[in-house]
Amino acid sequence: PPRILTLEEPVLHMDHCIAFAVHGNPAPTLHWLHNGQVLRETEIIRMEFYQQGEVSEGCLLFNKPTHYNNGNYTIVATNQLGSANQTIKGHFLEKPFPAVSGLFSFQMQYTPQFLCVDSKAFSFQVSIAVGLAAFACVLLVVLFIMINKYGRRSKFGMKG
């Protein structure tokens, strides 16, 4: 029957990797569970392994995982003689907006998966916005002064 030799916590190489090694003859089929549910492979989560004799070694790879990927990961190895499984906790990121307790508590309905702020670009945008606001204020003051100075003169010497 299959036997799980190693199952390691996630490590960041090029992608995050949960490394594993499984022994079995005949070669076992492998699948994963995430928090007890069957894990479906996508572009973000995929399994890569190679068979060397009776040992299958590989990684469950995560491409830029978020807090949604935190949880328990179970590898299940099955062949005609039996099955084996082992679970490990995978923790990638903290929740970005934890629930606030107290009078004004709320739950976030949607949390963006990626939030990237470039501080240099942000400060440049803020300085541009402040500059435009200052220019608009100066222009309004000049227009107000001109209207007060030249707008009071009656045309053709007529008095109102």
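Trainee: What share of the contacts between residues at least 6 apart in sequence joins residues at least 24 apart?
Mentor: In the protein chain, 56% of those contacts do. Contact here means heavy atoms within 4.5 Å.

Trainee: Where do these coordinates come from, and how are residues numbered?
Mentor: This is a predicted model, in which local features need pLDDT of at least 70, side-chain atom pairs count only at pLDDT 80 or more, and totals for chains, interfaces and linings use all residues. Residues are numbered from 1 along each chain as its sequence is written, and side-chain values use heavy atoms, with hydrogens and water left out.

Trainee: What is the average pLDDT of the protein chain?
Mentor: The average is 83, and 81% of the residues score at least 70. The pLDDT is the predictor's confidence in each residue, from 0 to 100.

Trainee: Which helices and strands are there?
Mentor: The protein chain has one helix and nine strands, in the order β-β-β-β-β-β-β-β-β-α along the sequence. Both are DSSP runs numbered from the N terminus: helices are H or I with at least four residues, strands are E with at least two.

Trainee: How much of the chain is buried?
Mentor: Of its 160 residues, 28% count as buried. Buried means under 20% relative accessible area, exposed means over 50%, and partly exposed lies in between (1.4 Å probe, protein chains only).

Trainee: Which residues of the largest nonpolar core touch the most other members?
Mentor: They are Ile-18, Phe-20, Trp-32, Leu-60, Tyr-73 and Ile-75, in a core of 18 residues. Strands 1, 3, 4, 6, 7, 8 and 9 each give two or more residues to this core. A nonpolar core is a set of buried Ala, Val, Leu, Ile, Met, Phe, Trp, Tyr and Cys residues joined through side-chain atoms within 4.5 Å.

Trainee: Now a new topic: how many salt bridges does the search find?
Mentor: It finds two in the whole structure. A salt bridge is a side-chain nitrogen of Lys or Arg within 4 Å of a carboxyl oxygen of Asp or Glu. Asp-15 and Arg-46 form one at 3.4 Å, N to O. That pair links distant parts of the chain, 31 residues apart: Asp-15 is in the loop between strand 2 and strand 3, and Arg-46 is in strand 6. Glu-48 and Arg-46 also meet in a salt bridge, at 3.1 Å, N to O. Asp-15, Arg-46 and Glu-48 are therefore linked in a network of salt bridges.

Trainee: Why does Asp-15 count as buried?
Mentor: Asp-15 counts as buried because its relative accessibility is 18%. Arg-46 is partly exposed, at 26%, and Glu-48 is partly exposed, at 43%.

Trainee: And Ser-56: which side chain does it join in a polar contact?
Mentor: The side chain of Ser-56 is joined to that of Gln-51 at 2.5 Å. A polar contact is a pair of N or O atoms within 3.5 Å; within protein, one must be able to donate a hydrogen and the other to accept it, and residues adjacent in sequence count only if both atoms are side-chain atoms. Ser-56 is in strand 7 and is buried, at 0% relative accessibility.

Trainee: Lastly, where is the cis peptide bond?
Mentor: It joins Asn-25 and Pro-26, with omega about 5°. Pro-26 is in the loop between strand 3 and strand 4. Most peptide bonds are trans.
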